[in-house]
Amino acid sequence: MYADTSTLPEMRPSIPAKLPVAAIILWFGALIASSAPWIGQLDAGALASAFWTFDPENYSSVLAHYSWAPRVSIAILIGCGLGLAGAVTQQILGNPLASPTTLGVEAGGQFGITVATLFAPGLLAFSPDLAAIGGGLLAIGMVIALTWRLGFSPVTVILAGLVITFFLGALNMAFLLLKGEWLGNLFIWGAGSLVQNNWGPFMELWPRVLILAVLMLLLLRPLQLLQLGQSSANSLGARVGLIRALALFLVVLMTATVVSRVGVVAFVGLAAPVLARLLGARTIGDKLLWSTLMGGGLLLLADTLAHWASTWGDGSLVPTGTTTALIGGPVILLALQSFRNTHHMPGQESGPAGFQPRRRSPVLVTGIISALLLATVVVSMGWAPGLEGWNWTALTQWDHAWVWRGPRLLAAMLAGVALGLAGTLIQRMTGNPMGSPEMLGISGGAALVMVLIVLSGAEVGRAGQLGAATLGAAGALGLLIVLARKHRFAGNQLLLGGLALYVFMDAGLRLVMASGGTVASQLLNWMYGSTWLISEGEAFGLLGFTVLVSGLLLLVVRPLSILPLGDTAASSLGLSVARARLLLLFLAAVLTASATVVIGPLSFVGLIAPHLARVLGQQTVGRQMIVAALVGGLLLAVADYLSRIVVFPGQLPAGLLAALVGGIYFLWGLSRHGRQ
Amino acid sequence: MYIKYPARTCAALLFLGLLSLQAAAGTWHHENGTITLDSTPKRIVALNWAATEALLLLGVTPVGVADRDGYSVWVKEPELPDKVANIGTRVAPSLEAIAELEPDLIVTSSEMAPASGLLERIAPTYVISVYKEGHRPFEKASEMLTTLGEMLGREDRAEGILADIEQTLDTQRQRLEEAGMTDRPVALVNFLDDRHVRIYAPNSLYQSTLDALGLENAWPRQGNFWGFSVVGLEAIAPYQNSRIAVVSPTLPGLSDTLADSPFWTYLPAVRRDEVYQIDAVWPFGGVFPVKRLATMLTDSLLEGGSDNVR
């Protein structure tokens with residue numbers, strides 16, 4: 001009878017039982033799965049002893065000691081490191097989408113390794129960590145420089161981090177496309193492989209990971225203060241900016257160190273803290289501890305799955321980056337189901353501080369951008385390099401040049417217009433500065449289908465590409481509608497769902513990248529927009545379509561102005577909130593799909609153009625939409641021209657250049673606001 | 001006028017008839033339809049390196065090739081003259097540059113399928129894919145060489161090249177058989193870094209060399225359509241009976257890293273000193289690399305192996 005007292009609730013808050021249970025299941029499942037292939041070759045004792053010894057006469061034992069055991073150890077080590085880094089990142093930014101991936105650290109590390117491979121192979125042989133850390137610090141340095149004056153406000157940091165990710169990612173891709181044959185190993189590194197054949201990397205890594213983890217834990221108390229909110233923390237004497245910067249620095253070191261050995265294993269740092277929180281970790285200590293453990297278990301499981309998949313198929317390597325992405329996707333979807341409280345979502349803490357630029361005359365701004373657009377068209381049609389050197393094509397001879405220069409220019413411009421419009425729609429609809437077709441996953445859906453086509457080896461003509469991409473975009477849209485219906489199309493849930501779709505696309509892309517250089521460069525070419533394939537018919541078709549949809553958009557200006565006021569206010573003004581959101585979603589998706597087949601899914605014009613419109617002082621919906629469309633068109637027109645001329649007779653994908661050009665403008669705009 | 005017209009038609013017909021006496025004119029079926037040539041093409045553009053190689057073997061210098069500089073680094077033989085124009089990368093060539101060269105024949109593969117309409121606007125396009133799902137690379141490369149020989153009026157030369165390759169393969173096979181070197185399988189690999197290799201599969205171009213030399217490929221699985229699989233180094237461990245042929249280039253510092261790795265030094269092939277490193281051979285070429293690999297592999301096997309890459 002007295003035993004019953006032990007079941008009485010304790011007074012101090014305790015972690016729910018499901019947390020340790022889930023962690024134990026995850027770890028045991030992963031360990032058993034990882035050992036399974038060794039059944040029949042080594043007994044359990046011999047396998048366990050593979051972690052410290054081996055039998056030179058038995059090659060299975062050598063293999064277990066030098067291949068399997070270090071791989072398991074490094075998976076757990078790296079997983080724990082990334083899980084901890086992710087939890088710290090989410091804590092300092094108060095944002096469940098924050099992770100080393102989202103802050104640009106991984107893109108930075110990859111950029112560092114690429115540059116080192118091309119220009120300093122000696123450095124790479126000496127220490128890959130240095131190159132990766134250099135790149136990671138460059139990325140986070142840019143993020144910090146951009147957001148310094150805004151006091152590292154969470155939204156701005158994430159926003160800057162994303163743009164840096166796109167920017168460095170695009171630079172990286174440019175190298176891969178131009179020098180693909182020379183960078184065969186980077187395709188694997190980018191895909192993330194945990195294959196080991198020595199204890200060396202693990203022995204080098206564990207002390208660093210341990211030291212960094214201890215340093216992070218020393219920040220525990222200051223981080224706890226941050227949980228109280230910025231102003232309370234300030235009043236308690238915590239130096240908020242300094243703590244954040246220090247913590248970010250440690251996150252960079254951890255991520256770059258960890259990842260320089262095995263490549264980009266994205267999303268572990270995002271998924272582990274999300275999982276820990278979902279399972280009930282509430283206090284900061286709990287979050288850090290369980291996120292670390294979850295990270296280790298998750299990565300071991302992901303790596304085991306990758307290893308199994310490698311041996312089941314035709315034997316070719318399935319990179320671990322693929323399976324982490326496949327596991328990361330569902331975890332984010334899980335998060336989508338449970339984060340009903342959108343309190344900590346990005347974009348909810350007002351617009352980023354200082355993001356109200358001076359209003360400017362719409363006529364003047366529109367006029368200037370139109371003039372620039374016209375100038376771009378003239379230069380693009382007329383002034384071009386040939387095999388014998390540069391020459392002008394007179395207006396009278398444009399009909400000869402038209403077939404090579406015209407359709408692609410027209411199509412690029414229209415894709416920019418479509419993305420500018422779609423981006424404005426989505427940012428207005430979600431009230432979220434991170435919203436864009438790219439983030440919504442519609443581009444990702446289209447790209448996923450293209451990746452599958454490349455993987456299957458089927459060859460499709462241009463019409464097939466168009467059809468497949470549209471199908472993919474529609475599929476992604478359908479999925480989003482189903483997911484979002486539960487939340488009445490509320491903005492931030494949509495973004496999370498879109499991110500999950502993007503994660504799946506990423507998985508396929510990694511698989512292709514690891515499978516071989518030439519296939520990969522072909523795919524990357526499309527992903528970043530190969531405007532050179534556009535025919536006249538397609539360009540004119542796109543023109544008609546864009547005009548049609550733009551007409552439809554006139555109908556939605558009113559709902560768009562009302563929606564951000566909040567659901568209640570919008571309903572009381574006589575708006576059917578759910579139906580208006582559905583229509584907006586549909587228009588945004590159609591615009592995105594048509595642009596994606598031309599320019600690929602990764603141009604980020606849809607993110608950048610609406611921002612530039614605001615930077616240029618256009619605040620009301622209609623004006624922002626018009627200026628964003630023009631800016632988008634200008635961006636891609638310039639990008640298409642540059643893609644044709646900068647490495648003539650080679651070509652760069654136009655979308656990639658758009659990401660570069662747009663990224664620079666955007667960063668400039670952001671930093672300017674910091675100063676004001 | 002009314003009377004002259006048939007006369008001109010007659011003349012034209014006669015002219016065409018004369019042309020058709022030449023070997024070149026004719027119609028050929030290819031992967032994307034048919035191609036009709038009225039006269040021997042003089043200005044040819046090759047959009048991949050297998051086609052470039054075939055043209056050079058036939059003694060025809062193309063006016064433009066894709067990724068010219070890369071060809072000189074990776075393929076090397078047969079040598080490409082400097083004056084040839086570069087028309088861009090192999091995945092995204094510049095259509096404008098191709099058009100500027102005013103070619104009368106374009107040779108490409110089905111990888112360029114999305115651009116086929118635009119290419120046809122410039123010149124008749126011959127589409128043949130040496131590397132594609134279900135194709136045997138050496139057979140397709142031989143077909144490309146023979147067909148180009150017909151189009152260019154150089155059938156004899158094409159036949160001569162193929163006969164020479166066959167003879168070289170026979171000679172090398174005899175050398176290996178006399179030395180008793182054909183009994184155990186060979187794994188053909190390229191090191192990508194110290195942990196990963198490209199391993200050449202039974203559907204690769206290299207397989208033709210192995211078959212002709214009477215050697216067994218250690219790797220039993222199909223690769224991607226280029227004929228290779230990217231695998232972790234541990235994937236070759238189970239094939240304990242096999243020898244390892246490493247195709248150059250290898251990254252600087254690789255031999256040191258491998259020497260430090262007991263996993264590598266305990267590999268049965270390494271313990272038996274059966275690692276053979278051969279010079280670079282382009283694995284995605286036409287017929288020529290088959291011959292080059294046969295000679296180099298035979299030389300290397302006869303010379304004896306070592307316990308590490310160079």
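This is a predicted model: local features need pLDDT of at least 70, side-chain atom pairs count only at pLDDT 80 or more; totals for chains, interfaces and linings use all residues.

Modeller: Chain B has 310 residues, and 51% of them count as buried. Its C-alpha atoms fill a box of roughly 90 × 40 × 35 Å along the principal axes. If you take the contacts in chain B with a separation of 6 or more, 64% are between residues 24 or more positions apart.

Where the two touch, domain 1 of chain B puts in 19 residues and domain 2 of chain B puts in 14. On the domain 1 side, helix 2 and helix 6 of chain B each supply at least two residues. Helix 6 of chain B gives the most to that side, with six residues. By class, the domain 1 side has 14 nonpolar, one polar and four charged residues.

So what does helix 6 of chain B look like up close? This helix covers residues 137–151, and at 1.5 Å a residue its 15 residues should span 21 Å; the end C-alpha atoms are 21 Å apart, which agrees. Helix 6 of chain B is mostly covered, with eleven of its 15 residues buried. Among the buried ones are Phe138(B), Met144(B), Leu145(B) and Leu148(B), and Lys140(B) is on that list too. What does the covering? The elements over those buried residues include strand 1 (26–30), strand 2 (33–37), helix 2, helix 7 (155–179), helix 8 (205–213) and helix 12 (288–303) of chain B. After helix 6 of chain B comes Gly153(B), with a positive phi near 65°.

Now for the sheet. Chain B has an open sheet of five strands in the order 5-4-3-6-7, with parallel pairing. Its edges are strand 5 (85–86) and strand 7 (125–127) of chain B, each pairing on one side only. Strand 4 (residues 64–65) of chain B runs parallel to strand 5 of chain B, and two bridges join them. In one of these strands, strand 5 of chain B, Asn86(B) is the bridge partner of Val65(B). Helix 2 (residues 49–57) of chain B packs on the sheet, where it touches strand 3 (44–46), strand 4 and strand 6 (105–108) of chain B. The direction of helix 2 of chain B makes about 140° with that of strand 3 of chain B.

Asp67(B) lies in the loop between strand 4 and helix 3 (68–74) of chain B. Phi of Asp67(B) is near 50°, a positive value in a residue other than glycine. Lys76(B), in the loop between helix 3 and strand 5 of chain B, also has a positive phi, near 65°. Are these two buried or exposed? Asp67(B) is buried, because 25 other C-beta atoms lie within 10 Å, and 20 or more is the cut-off. Lys76(B) has 14 C-beta neighbours inside 10 Å, so it counts as partly exposed. Finally, the peptide bond from Ser248(B) to Pro249(B) is cis, with omega near 0°. You'll find Pro249(B) in the loop between strand 11 (243–247) and helix 9 (254–259) of chain B.

Technical notes. Residues are numbered from 1 along each chain as its sequence is written. Chains are lettered from A and ligands numbered from 1 in the order in which they are written. A residue is buried if 20 or more other C-beta atoms lie within 10 Å of its own, exposed if 12 or fewer, and partly exposed in between; C-beta atoms are placed from the backbone. Two residues are in contact if their C-beta atoms, placed from the backbone, lie within 7 Å. Two strands pair if DSSP finds at least two bridges between them. Helices (H or I, at least four residues) and strands (E, at least two) are DSSP runs, numbered from the N terminus. Axes are lines fitted to C-alpha atoms, for helices over the stretch in contact, and angles run from 0 to 180 degrees between N-to-C directions. The expected span of a helix is 1.5 Å times one less than its number of residues. Ala, Val, Leu, Ile, Met, Phe, Trp, Tyr, Cys and Pro count as nonpolar, Asp, Glu, Lys and Arg as charged, and the others, Gly among them, as polar.
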